[in-house]
Amino acid sequence: MAAKQAKTVRFSPSTKPPSSPATPTTEPRTGPAALDNVRSITMYIQKALNAKAQGDPSDYFEIITLLQLRPPQRNSLSAEALVLWVRAFSQVVSCLSSPFHSVVDALLAIDWTVQDDAFVKAYAHLMENLVSAHAFYVVPVAKMLIGKLRWGAESLPQSHALFDRIHAILSSIVRIIPTGPTFMLPLLAENFPHKREELSVQVHYVRNIFRILEYAPVLRDKALALIIDRVLQIDVDIQIELEEMDEEVWEDVQRAVFNADAGGNPDTHIHPLPSHTPLFDANGRALPTELESDSDDDIDFDSDDEEGISPVAIEIKPTVEKLDAMLRLVLQFLKDYRVKRPDEDLQELFAGLLDVFDAAVLSTHRMRCAQFIWFYAASLHVDFPGYFVTALVRRGLDDQTPDMIRVSAIAYLGSFLARFVCVDLPFVRDVLGLLNNWAGQYVDQYEDGKAADPERHGPFYAVVQAVVYVFCFRWEKLLEREDGTVMRGRWPAELVGFHRVLTSAKFMPLKICSRSICEEFNRLTRTQEIFNYFQYMDGPTVLSRHASSTSLKSQDTTSDANIPPAPASPTNGHGTSGATTRTVERLEAFFPFDPLPLPASKRFIEHIYMEWHGGGDESESEGGTGSLAGSSVGDPMFLGVSLEDRMLSTSLEERRSWR
């Protein structure tokens, strides 16, 4: 069978022919349509406005009707005649107060986008004069312009030039309005394509928002938050669909959709938007351009043959491609921002991203991809890993924060330290020492000889799991001596005392944390002759891969005579029983920086991402060579990153002072 050609998703599908000015009727015009110079038209408009103000709106409504006519309707204006009316209205904008908004609405409805450059220049001049004379027209004018930023996939193959024209007018309006461009934010949100709309509409709109930020940088944080919110929604929708699949369909989807590293290896390309002018000749007819080729301005997915793939996989694949394209645009924006903007602006951008992360991400529990925005952003400056980790530590160790948020923050912390290569070893040691000290104090505070209810100590188990997870990735460097050999038989300095936490009779963390992680951890500690923790892992309270809180509650613990009934443990007053239940479930399933399965976006992450290769074979005398702890740290600019001094404090009082 011949190989199937690559599927091409065009930005500008030819579902409708391109719009162009229709040929007007050749019948003689009558009334105001017969006026043929700007001076006479201006006088007529002024007369009609005065008459309406005095109670006679007949001429006023005749003007509105004339502006609403389209060729080939009788008395409709040609492009040459219509531009005269546009220029005439520019002469009387001071008279177009709110009682005359109907004629302004008719002007805003003119299809100026298909006209020649001279017409567009006159129309832009009218819009600028209008908003300069009357501030209350700013929103209607901007709404008309921003609404057209969605047109790229609907009708115009020359959409990039349309966008040039829109941005030229928008940017001039921004310069005119003394209050700044904040008026655009609600309009950008209102016109944002629904998450179900096709990929090309989404991509064009996101690109246009980023272009707006070039001349309205004050909108950066909120506009970026708007885009990220849409990325989050699509990501969550995908994960919900995946969770509802049975195992057989899930495996099919994995092969067909998330197959960047196997089989078909789909390659995603998002080409830049070129600039081609002019669009139309003097008569308003479309000119041939390079955009008519099949290769420009497309997103191409070189997909496997869809034969034999389940309908569910085929249905979800476009949504995944949409997520990949939108996430890639955000990552590209961040990359370009680092190059183009000064360091101060970059610092402010990251601070805004941290606010979005705290407000939207920590409380969103069904994500697989969107969080890599922050993973990548942390690589843009030497200080950013420390800022990110500091924010996560503050949230995770703050006992006034709801447990679900704390567990989420600590999961991000552990996954980030394990996977992010652009940090040096002292940085990792500092954080592990802080977490170990906190866990030891927690055990001291609540160790009363009775078994703990796991659902009420979610943050503690999350901290232990984070330390265990990081150790599994970086054990070789953590145990490395100054001469480069790997020590055996003892913990590194930052984890001294961690053994007591792991063997706590009350908390039994190795029975609660992720089974697979604990098994790997025990294999490493046994191989390095630190300790064999199997007896602390084995037992009826270990959570299975898909364990629910209900199964945890219903487990029969009477078979273990050493486990007394769970006491009433302290709570932070924020969560309900259901919330803490989900906290424990989350320990097993949530490792937020597991490999990114999106092929286009993944390219931004690969050079800063630590893959898991295993290591620490028991047959090796000095530890396995496959451990990720020995991976390159990448760009030298990241060497020397360390925690802020206040993070090194381990006292409970000082940690509380961070709030």
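Colleague: What makes Ile 608 buried or exposed?

Modeller: This is a predicted model, where local features need pLDDT of at least 70, side-chain atom pairs count only at pLDDT 80 or more, and totals for chains, interfaces and linings use all residues. Residues are numbered from 1 along each chain as its sequence is written, and side-chain values use heavy atoms, with hydrogens and water left out. Buried means under 20% relative accessible area, exposed over 50%, partly exposed in between (1.4 Å probe, protein chains only). Ile 608 has 1%, so it is buried.

Colleague: Which residues is Ile 608 in contact with, leaving aside its neighbours within four places in sequence?

Modeller: Contact means heavy atoms within 4.5 Å. Among the partners of Ile 608 are Phe 375, Tyr 376, Arg 419 and Cys 422. Ile 608 itself sits in the loop between α25 (599-605) and α26 (652-657). Helices here are DSSP runs (H or I, at least four residues), numbered from the N terminus.

Colleague: How do you know on which side of α11 the buried residues lie?

Modeller: In α11 (residues 247-256), the buried residues are Asp 252, Val 253 and Ala 256. They cover an arc of only 100 degrees around the axis, so they lie on the same side of α11. The arc is that of the directions from the helix axis to the C-beta atoms. On the other side of α11, Glu 247 and Arg 255 are exposed.

Colleague: What makes α10 roughly parallel or roughly antiparallel to α12?

Modeller: The axes of α10 and α12 come within 10 Å and cross at roughly 150 degrees. That angle makes the pair roughly antiparallel. Angles under 35 degrees count as roughly parallel, over 145 as roughly antiparallel, 65 to 115 as roughly perpendicular and the rest as oblique. Axes are lines fitted to C-alpha atoms, for helices over the stretch in contact, and angles run from 0 to 180 degrees between N-to-C directions.

Colleague: How many disulfides does a search of the whole structure find?

Modeller: The search finds 0. A disulfide is a pair of cysteine sulfur atoms within 2.5 Å.

Key: Helix = DSSP H or I, 4+ residues; strand = E, 2+ residues; numbered from the N terminus.
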